[in-house]
Amino acid sequence: MGVVPEGRTGPDGPAGRQVVLLPVTPDTGAETSRSPYRSMPDGERSALWRRRLHEAEAGLTRYLVSLGDQPQLAEWFALQGEIFADLPDGSAPSAQWQRLFFRGQALMERFLVRHYGEQVLAAWAASNAEVHRTVEPDHGRGAADPIHRIARQAELYGSDYEFDDARPPGPQHAALTITHCAIWDYREQARRSGVTITLASPCTYCTHALSANIRAKGYRPAHRLLSGPTGHGCHWEASAEEQENDEKTTGAA
């Protein structure tokens, strides 16, 4: 099955269209190039958790202000205090920032869905992406930049992921496959510890968020959800517009 631009398949998609993941024996010699963030320092992990929380919180503030909904704004200000309760200091280990991010994400999802319904998650993701556009550094790798950001996020959770050996990430096109998404594992662990989980699947929000981030950086996103013996996963691509135009021209010739 080809990649479905802006589409969703798998656990949250139309029945009968999910892609099945088959077990793959990893090539340990290629592990560094395929999963380059295994050795990400703890301080860098903490910084990425903080940036993600900033994108989500600032993005939701931005979205709520655009609604001009004063009663919900008042409640949102109170909720911010709950999100940032027990804020770790800058030297705290990344596990503490991970717990803070997840608690904040869960609270924000519950707040939005309770007041506005699940259908507004895409609008929240788009608002977050405008913050992401500013705070996420550009590293000069073109389409590879947003795909590397997805890889780093996958690493934060301990997900299994890999870049394509046959077509490494480049400025015109980049792709990444998450063969086992550990967000599912972390959510269930949090649920068992008493955290209220609003969404039945993390993909409900995550697919909107990652797509919006790729678009915010000027590239066209495409994804498909995967499932199989290795668990839940997904495949992501980012493409430059000029490449798309070239392909359309070639196809029409």
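How many bridges join strand β5 to strand β6, and in which sense do the two strands run? Nine bridges join β5 to β6 (residues 231-239), and the two strands run antiparallel; strands are said to pair if DSSP finds at least two bridges between them. The structure is a predicted model, in which local features need pLDDT of at least 70 and side-chain atom pairs count only at pLDDT 80 or more, whereas totals for chains, interfaces and linings use all residues. Residues are numbered from 1 along each chain as its sequence is written, and side-chain values use heavy atoms, with hydrogens and water left out.

The chain as a whole holds nine helices and six strands; here helices (H or I, at least four residues) and strands (E, at least two) are DSSP runs, numbered from the N terminus. Of the 253 residues in the chain, 50% are buried, where buried means under 20% relative accessible area, exposed means over 50%, and partly exposed lies in between, with a 1.4 Å probe and protein chains only. Among the contacts in the chain with a separation of 6 or more, 70% are between residues 24 or more positions apart, a contact being heavy atoms within 4.5 Å.

Returning to the opening pair, strand β5 spans residues 220-228 and is mostly covered, since seven of its nine residues are buried. A hairpin of two residues joins β5 to β6, and alanine 222 stands opposite glutamate 237 in β6.

A second pair of strands shows how the two faces of a strand can differ. In a regular strand the side chains alternate between the two faces of the sheet.

Two packed helices are described by the angle between their axes and the distance between the axes. Here the axes are lines fitted to C-alpha atoms, for helices over the stretch in contact, and angles run from 0 to 180 degrees between N-to-C directions. Helix α2 (residues 42-67) packs with helix α3 (residues 70-83) at an angle of about 170°, with their axes 11 Å apart. That angle makes α2 roughly antiparallel to α3, because angles under 35 degrees count as roughly parallel, over 145 as roughly antiparallel, 65 to 115 as roughly perpendicular and the rest as oblique. On the α2 side, Leu53, Glu57, Leu60, Thr61, Leu64 and Val65 meet Leu73, Trp76, Gln80 and Ile83 in α3. By class, this contact has seven nonpolar residues, two polar and one charged, where Ala, Val, Leu, Ile, Met, Phe, Trp, Tyr, Cys and Pro count as nonpolar, Asp, Glu, Lys and Arg as charged, and the others, Gly among them, as polar.

How does α2 lie against helix α6 (residues 144-157), and at what angle do their axes cross? The axes come within 11 Å and cross at roughly 110°, which means that α2 is roughly perpendicular to α6. Residues of α2 including Glu44, Arg45 and Trp49 meet residues of α6 including Arg149, Arg152 and Tyr157, and the contact of α2 with α6 has four nonpolar, one polar and eight charged residues. Serine 46 also lies in α2 and is buried, with a relative accessible area of 2%. Leaving out residues up to four places away in sequence, serine 46 touches Ala92, Pro93, Ser94 and Trp97.

Just after α7, glycine 194 takes a positive phi of about 105°.

Finally, two single residues show contacts between parts of the chain. Leucine 121, in helix α5 (residues 121-135), counts as buried at 1% relative accessibility. The C-alpha atoms of leucine 121 and tyrosine 205 are separated by 6.2 Å, although these residues are 84 residues apart along the chain. Asparagine 213, in helix α8, counts as buried at 11% relative accessibility and, leaving aside its neighbours within four places in sequence, is in contact with Ala129 and His132.
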